[in-house]
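Could you walk me through this protein and the ligand that sits with it?

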Amino acid sequence: MRVLVMGATGFIGRRLVRALDDAGHDVVAFSRSASEESFPEGVEPFEGDLGEPDSLDGLCDDIDVAYYLIHSLTSENFAELDRRYARRFADSASAAGVDRVVYLSGISGDEENLSPHLASRREVESVLAEGSFDLTVLRAAVIIGPESASFRIVDDLTDRLPLMLVPKWVRTPCQPIGVDDAISYLVELLDADETRGETYDIGGPSVWSYESLLKLTAAEKGKRVFIVPVPVMTPGLSSHWLRFTTDVQYAIARPLAESMRNPVTVDPEMDLQDAVPIDQTPIKDAVRKALAGA
Ligand SMILES: NC(=O)c1ccc[n+]([C@@H]2O[C@H](COP(=O)([O-])OP(=O)(O)OC[C@H]3O[C@@H](n4cnc5c(N)ncnc54)[C@H](OP(=O)(O)O)[C@@H]3O)[C@@H](O)[C@H]2O)c1
């Protein structure tokens, strides 16, 4: 199959390109910084910017399946940009007759009270659903890997703050997934036709909280952290100390921290594991691998 990866130079994109190439697909890799050096030999780089429509000419020609991995969290007006870019891509994929699109979105256990980041991820789902292709949406919570913005925040916090005063949302349930498992689901669903037009949650084998994830990460580094939830601390206030405690760009860290109030666990009725069973990696192993930079 000829497969397009939108956002191919990102944390998920680079690994997905490699996995699709290994699986024998012809891969076109799109982003603003796509170049031959970024990808394995044989992968076709396509440098373009969703903000510049002319740069998208020919992007979707002869493409069977496209993965959409774009977000604009680094911008103040990320919701508006994400809406506009998703519409531009959906129009271009529809006009070119792309058969299938797969979008990696965010889990939320509370559809009524979404953080701005998760609300924007949901909006992109709706915009893409207007395309003429079959859309499959996978929703994930924290994806654990060395370049993941959300995991880097956890990693940096355990390095820099042995004692943390945090909002009570630190006890929100979350179901992280190792990046290798996320990639397996993304690639293997291509062989499961029943996943066309459907929305699924993906997660690791167990439910955690941000608190227990912080403690696990610290323990894997031979450290201990003391976490004290403080009821009066708002997510907005708590996100301010991220300026000093993580190297992740504040514009990205803040909306991610604000999303901590939403429980993010797999709904058993939407679990992709039923349609696309994989050998799930224990979170402890995924954390260990991420800390080793793999
Ligand atoms: N990481 C997680 O823990 C996690 C969890 C749940 C869901 N997700 C979802 O997974 C998807 C991928 O996330 P990620 O962590 O891989 O993100 P990422 O590392 O930030 O990658 C984003 C990609 O989008 C490209 N991009 C951004 N703006 C662009 C534009 N205007 N035109 C063309 N390319 C553009 C970037 O490349 P350039 O900057 O070079 O253009 C990059 O390749 C997102 O939909 C995210 O919501 C991620």
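## Before we start

This is a predicted model, in which local features need pLDDT of at least 70 and side-chain atom pairs count only at pLDDT 80 or more, while totals for chains, interfaces and linings use all residues. Residues are numbered from 1 along each chain as its sequence is written, and side-chain values use heavy atoms, with hydrogens and water left out.

## Around the ligand

Let's begin with the ligand. There are 25 residues around it, and T9, R32, S33, H71 and R121 come nearest (a residue is near when one of its heavy atoms lies within 4 Å). Sorted by class, this shell has 12 nonpolar, 10 polar and three charged residues. Here Ala, Val, Leu, Ile, Met, Phe, Trp, Tyr, Cys and Pro count as nonpolar, Asp, Glu, Lys and Arg as charged, and the others, Gly among them, as polar.

Now look for polar contacts, which are pairs of N or O atoms within 3.5 Å. The side chain of T9 has an N or O atom 2.8 Å from an oxygen atom of the ligand. I12 uses a backbone N or O atom, 2.9 Å from a ligand oxygen. In the side chain of D49, an N or O atom is 3.0 Å from a ligand nitrogen. Taken alone, the ligand exposes 900 Å², and the protein buries 85% of that (areas by the Shrake-Rupley method with a 1.4 Å probe). Helix 1 (11-22), strand 2 (26-31) and strand 5 (100-106) each give two or more residues to the shell. Helices (H or I, at least four residues) and strands (E, at least two) are DSSP runs, numbered from the N terminus.

How far apart are the end C-alpha atoms of helix 1? They are 18 Å apart, which agrees with the 16 Å that its 12 residues should span at 1.5 Å a residue; the expected span is 1.5 Å times one less than the number of residues.

The buried residues of helix 1 include F11, I12, L16 and L20 (buried means under 20% relative accessible area, exposed over 50%, partly exposed in between, with a 1.4 Å probe and protein chains only). Among the partners of its buried residues are strand 1 (2-6) and helix 5 (179-188). Helix 5 is mostly covered, with seven of its 10 residues buried, including I183 and L186.

D62 is not a glycine, yet has a positive phi of about 60 degrees. D62 sits in the loop between strand 3 (44-47) and strand 4, and is exposed, with a relative accessible area of 62%.

How values were computed. A polar contact is a pair of N or O atoms within 3.5 Å; within protein, one must be able to donate a hydrogen and the other to accept it, and residues adjacent in sequence count only if both atoms are side-chain atoms. Contact means heavy atoms within 4.5 Å.
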